[in-house]
Amino acid sequence: MSLIKCPECGKEISSTALTCPNCGYSNNPNDGKKIEEKSNFISTLKLTLGLISIAVFIVVSFRSLTLGLATTTYTDEIYNGFMCATLMLVGGLISISTKKSKSVTGTIVIMIFYIISFSVTIGTGKTTYSDLPLWGLLALAFAIANFIMIFLQKKNHI
């Protein structure tokens with residue numbers, strides 16, 4: 001057992017100590033691997049949510065377009081469908097572009113887009129566009145996933 005200097009506070013500590021008794025700095029070499037694994041998980045989750053959001057944009061926007069052409073009158077539900085799809089597309093693109101970011105700002109912005117996407121579907125589905133509330137619930141689920149990611153990022157400083 002030898003003494004080494006703590007990289008954080010500079011005091012001498014045992015080379016076998018897992019943490020510095022003075023400042024609490026982690027001397028455990030496995031801690032970096034855990035943070036990297038969680039960072040990879042969040043990055044993969046953001047990429048997955050982003051790609052699903054783009055797919056939802058395609059489905060919902062084509063559905064809105066076909067309903068609009070079929071009825072020859074644009075109802076609020078069709079506009080809400082386009083709005084929901086566009087907001088999910090923007091949220092998905094931001095999710096993909098910020099997948100490696102250590103800041104929570106992008107995740108908060110993504111969450112806001114998904115919440116707005118959910119809110120435009122509230123009260124819809126009563127006439128021509130019966131599945132629009134389901135897409136809104138998917139947006140809400142994505143917002144909740146991003147909310148959880150904020151705490152994972154903050155907790156692990158990734």
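View 1. Tyr25 has a relative accessible area of 32%, so it counts as partly exposed (buried is under 20%, exposed over 50%, partly exposed in between, with a 1.4 Å probe and protein chains only). This is a predicted model, so keep the cut-offs in mind: local features need pLDDT of at least 70, side-chain atom pairs count only at pLDDT 80 or more, and totals for chains, interfaces and linings use all residues. Residues are numbered from 1 along each chain as its sequence is written, and side-chain values use heavy atoms, with hydrogens and water left out. Tyr25 sits in the loop between strand 2 (12-14) and helix 1 (30-71); helices (H or I, at least four residues) and strands (E, at least two) are DSSP runs, numbered from the N terminus. Setting aside neighbours within four places in sequence, Tyr25 is in contact with Cys6, Pro7, Glu8, Leu18, Thr19 and Cys20 (contact means heavy atoms within 4.5 Å). Cys9 is 16 residues away along the chain, and its C-alpha atom is 8.3 Å from that of Tyr25.

**View 2. Ser117, buried in helix 3.** Ser117 belongs to helix 3, and with 0% relative accessibility it counts as buried. Not counting residues up to four places away in sequence, Ser117 touches Cys84, Leu87, Met88 and Ala139.

View 3. The model has 2 aromatic pairs, going by rings of Phe, Tyr and Trp (its six-membered ring) with centres within 6.5 Å; planes under 30 degrees apart count as stacked, over 60 as edge-to-face and the rest as tilted. Tyr114 and Phe142 make an edge-to-face pair, at 5.4 Å centre to centre and 75° between the planes. Tyr114 is in helix 3 (residues 105-119) and Phe142 in helix 4 (residues 132-156), so the pair ties together parts that are 28 residues apart in sequence. Both Tyr114 and Phe142 are buried.

**View 4. Phe147 and Phe151, an aromatic pair within helix 4.** The rings of Phe147 and Phe151 are edge-to-face too, at 5.0 Å centre to centre with 80° between the planes. Both residues lie in helix 4, 4 residues apart, about one turn of the helix. Phe147 is partly exposed, at 43% relative accessible area.

View 5. Ile144, Phe147, Ile148 and Phe151 make up a nonpolar patch on the surface, with about 400 Å² of accessible area together (Shrake-Rupley method, 1.4 Å probe, only the protein chains shown counting as cover). Patch residues have over 30% relative accessible area and no salt bridge, and nonpolar side chains (Val, Leu, Ile, Met, Phe, Trp, Tyr) are joined within 5 Å; a salt bridge is a side-chain nitrogen of Lys or Arg within 4 Å of a carboxyl oxygen of Asp or Glu. Ile144 lies in helix 4 and is partly exposed, with a relative accessible area of 46%.

Key:
Patch = residues over 30% accessible without salt bridge, like charges linked within 9 Å, V, L, I, M, F, W, Y side chains within 5 Å.
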